[in-house]
Amino acid sequence: MTVWPEERLATVDSFNTVDMTINVGPQHPATHGVFRMVLTVDGELVVDCEPYIGYLHRGLEKLTENHDYRQSMGWWDRTDYLAGMACEFAYCMAVEKLGNIQVPERAEYIRVMMAELSRLLSHFMFFGAFGADVGSFGTSFVYAWRERERIYDFFEVVAGDRMFPTYFRPGGLQMDLPEGYEPLVRQLLGSLEQGLEDFDGLLTGNEIFVERCRNLSPMSKERAINLGMSGPMIRATGLAHDIRKAEPYSIYPNLKFNIPVGKNGDVFDRFMVRMAEAYQSIQIVKQCLDLMPGGLVLNPDLPKTLRIEEGECYVRTEGTKGEYGVYGMARGGNKPYRMKLRSPSFCNLSALKEMVVGHYVADAIIILGSLDIVLGEVDK
Amino acid sequence: MMLFADALFGLPNWIDAIIRVVLVILSMTLVVIYLTYGERKVVARFQQRLGPTETGPAGLIQGIADALKLVTKEDIRPKNADRWVFEFAPYATFIPVLMMLMALPFAEDWGVRDLALGMFYVFAILGLNIVGILMAGLGSGNKYALLGGIRAAAQMVSYEIPLVISLLCVAMITGAEKDMNGTGTLNLNAITAFQETRPYIVLQPLAFLIFFTAMLSELHRAPFDIPVAESEIVGGCFVEYSGIRWSMFQLTEYASMWGWSVFGSVVFLGGWAWPFGVDAHWSIQLGTTLVKSFLFIMLIFWVRTTVPRLRIDQLMSFCWKVLLPMSLVQMLMNGFILVYDWPQELLALTSALGAAALVAIIIRRAMRRPSRDLVGTYKTLGAPAQ
Amino acid sequence: MTSPTTDYPGVAALVHKHLGKIPFTASKHSTDAVIHIDAGHFLELVTGMHDRRELAFDYLRNVTGIDLGEEGLRCVYHFYSFKHGHAIQVDVQTPPDNPHIPTLTGIYAAADWHEREAAEMLGLVFDGHPNLKNLLLDEDVRIHPLLKAHPLQKMELEQGIEDTSAGFKF
């Protein structure tokens, strides 16, 4: 039984209600993994929210410190497990910066292509899962899964694995693309575009969907910056910030693409920004195909064991969820002294409390979904 | 109380009644088992999947296998649940649905009892459904269940009003039929027989729209599946149930879906009478009713796979601000036309105008969305060069 | 990493120009300019960096704690300015026996979880943090896994398996 606090009973002379706490997660269909939040609700209204994370903590940074540079690749795949290659990209760039390793140009193009396909993987997952959060009974989920399956099939052709390919290497790539990959990719892109249109028709065009997402938990630019948000979350507020443009890396300066920007930073804008970004990613992959140079894909001068004397770097990439940064520190030997992951989901999630309080329980689920967290990245 | 024409084989009335009840219950069980299979198959096709394929030819005995599995599962009761409330909730939801099936005319002479106040009986009995759901919500000792139960109570109580008014509109216009002399009837069999030449959906499309929407809400089907919202409160009031009690709820859900569909086809689509007439063979009449009810169910599945879920306040405002005024307008229009003995075509015309207005409102709201050219509508900026 | 000098590379020169009164040294590594400062002047420096219009470091990207063995713990902050598009790294070195750093939660809301993570992983103490409890680890666990003294494979050590060094020997 709930005990009514004396002081509250004393202050309120009319009909009195008592707040109730609801535990959402770690096993809950809307938490996208093993995330837990304790909502304090007054009827259907959320008055407090306390997120708990760490259920998927695997000690990524400790493991990286204790393994050879190349051995750790597999761990970093599993941070953002919806887009493994984008994480490999950042990790490899960090090792390359530390060891001052050159990467062949062909490898860079293939990397960008794979990273953008990973972004599509992640965004499709968002559309599907977000649709399910809003309540479209799995239809959006299955639509998303169909397109993701096509990308995974291509990954399998290229790297031999689907989710965790470990395809990148410090200094290049594990192996070159297979013969006749180009028609494969072009066909893939065509079907992805069709899939995006399907989503556009299913969700964006749906009155109930728009009605539930529009003007939900709007956020100002200044507040988003202060809260440390990044990626589509901050672009939805109207700030045209994309690390691919602001602090360009790899071959992104050679490519032409736009940065979609929202207006109010509400849930609908977050959805639309990701939708528009997916179209841009398709354009980037097309350009990569057109510009793909020949040559090697792995720096041939690399020693068998990477030993890096001394160095420091903070590599930031535009990961699928936002700024995916890797701080690396080397002090000799074949292992890094410290590798720290700045995961975008972690930073975006830390703003959850502020965004959720004052909304309905049903909206709290949608807001959590709109953050597009992936727990492998949050919990490291 | 009126009886159907003749007792079967000249048996005494009470034995006849028992046989009829058993027949209805058996056919209900069969229909429910194949509705679960059908739903999985239909929804799968909507989602470009295959659905059940393994158990039996084309997965046909999947429903029976599921039912067996559910019945043999352990029946768990949480420690802090209110024992009697928790255990009787499934029956409290199931019994009204069963009682409702007793009053439905499946063909001219096919039903358990032909009640003079059949329509009133159906929606009065179905209003009791909510008691079982509230019992499940409050008795489970679970906060998700509590939220679900309260949501269900609010939703069902408010949607009952437009539902009843839309049915009332139909009951009103039965008074304009031949030989009725201005007095309408609530007898479902009679209402069906009146529709021999044209179903009442032609005369009352607006009432039909309102009825269908409110019916979805009463059934907790998408987009009104708020009390059981899977992604928010994980099944709502059913979250603590397992095994046979959970399957009772499942049975209730599908049986009431079928019952509502038969009811809707009887009231609006002409039931067994249209288009083959009251003199058709009983098998044709039965087949007509069943086909119409399955069309209804198909429509429910279609809506379910397509639309997301409403929020509880949007749901309430849709009921009180859209459906209720619309149903009142429909009733007023009917009243005017009937009082002044204007021709029946006017009924169809005004109601169709109302339905068109309702659809237009919804379409107009839907058109406010951004155009399909996503990148164009959103400001695309080149970021400052480094 | 070059050793700290009194000449200020890159953005550090800008910081020195506007916040010259605060004593710090600077260096540069492969991606950013670095400011080295002690914990005593840290809050003053960050307040200045955040508030001065010419600097406007409005975005806290990342907080990293590092165990440098005998030198003590170091906390590495990465800042970015959306207004000017420049980035900087600030190293705060704490002595081995006194790992206290003032919290940044008053300036950057983003610092909350970052600091909680650094605190639980390395035992850094952020003075003034409103809610400095464990984030990723269990609430009642009082270990600091990212300290170099913390073994990688504790279970193996307890079971008496001797070779616990990870990875292959090359």
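Eight of its nine residues are buried, so strand 8 of chain A is largely enclosed by the rest of the structure. Keep in mind that this is a predicted model.

What does strand 8 belong to? An open sheet of three strands in chain A, in the order 7-8-9, with antiparallel pairing. Strand 7 and strand 9 of chain A are the edge strands, and each pairs on one side only. On average, neighbouring strands of this sheet are turned by 10° against each other, direction ignored. Strands in a sheet are held to one another by backbone hydrogen bonds, and the pairing may be parallel or antiparallel.

Now the two pairings, one by one. Strand 7 of chain A runs antiparallel to strand 8 of chain A, and nine bridges join them. Strand 8 and strand 9 of chain A are also antiparallel, over five bridges. Look at M329(A). Which residue is its bridge partner in strand 9 of chain A? The partner is R338(A). M329(A), in strand 8 of chain A, is also the bridge partner of E312(A).

Next, the turns. Strand 7 and strand 8 of chain A make a hairpin with four residues between them. In that turn, G322(A) has a positive phi of about 150°. The hairpin of strand 8 and strand 9 of chain A has six residues between the strands. There, G332(A) takes a positive phi near 85°.

What packs on the sheet? Helix 4 of chain A, residues 84–99, does, touching strand 7 and strand 8 of chain A. The direction of helix 4 makes about 150° with that of strand 7 of chain A.

On to helix 5 of chain A, residues 105–134. How many of its 30 residues are buried? The count is 28, so helix 5 of chain A is largely enclosed by the rest of the structure. At 1.5 Å a residue, the 30 residues should span 44 Å, and the end C-alpha atoms are 43 Å apart, which agrees. After helix 5 of chain A comes G135(A), with a positive phi near 110°.

Let me step back to the whole of chain A. Chain A has 16 helices and nine strands. Its C-alpha atoms fill a box of roughly 80 × 50 × 35 Å along the principal axes. For 380 residues, a compact globule would have a radius of gyration near 21 Å; chain A has 22 Å, which agrees. Of those 380 residues, 60% count as buried. Take the contacts in chain A with a separation of 6 or more: residues 24 or more positions apart account for 70% of them.

Now chain B, and its own helix 5, residues 129–139. Helix 5 of chain B is mostly covered, with 10 of its 11 residues buried. Among the buried ones are N129(B), I130(B), L134(B) and M135(B). What covers them? The cover includes helix 3, helix 4 and helix 6 of chain B. Just after helix 5 of chain B, G141(B) takes a positive phi of about 65°.

Two interfaces to finish. First, chain A with chain C. This contact takes 38 residues from chain A and 32 residues from chain C. On the chain A side, the elements that give two or more residues include strand 7, strand 8 and strand 9, along with helix 2, helix 9 and helix 13 of chain A. Which element gives the largest share of that side? Strand 7 of chain A, with six residues. By class, the side of chain A that touches chain C has 12 nonpolar, 14 polar and 12 charged residues.

Second, chain B with chain A. Here the contact takes 35 residues from chain B and 48 residues from chain A. The elements of chain B that give two or more residues to this side include helix 12, helix 13 and helix 14, and also strand 1. The side of chain B that touches chain A divides into 16 nonpolar, eight polar and 11 charged residues.

Methods
Residues are numbered from 1 along each chain as its sequence is written. Chains are lettered from A and ligands numbered from 1 in the order in which they are written. This is a predicted model: local features need pLDDT of at least 70, side-chain atom pairs count only at pLDDT 80 or more; totals for chains, interfaces and linings use all residues. Two residues are in contact if their C-beta atoms, placed from the backbone, lie within 7 Å. Ala, Val, Leu, Ile, Met, Phe, Trp, Tyr, Cys and Pro count as nonpolar, Asp, Glu, Lys and Arg as charged, and the others, Gly among them, as polar. A residue is buried if 20 or more other C-beta atoms lie within 10 Å of its own, exposed if 12 or fewer, and partly exposed in between; C-beta atoms are placed from the backbone. Two strands pair if DSSP finds at least two bridges between them. Axes are lines fitted to C-alpha atoms, for helices over the stretch in contact, and angles run from 0 to 180 degrees between N-to-C directions. The expected span of a helix is 1.5 Å times one less than its number of residues. The radius of gyration is taken over C-alpha atoms; the globule rule is 2.2 Å times the number of residues to the power 0.38.
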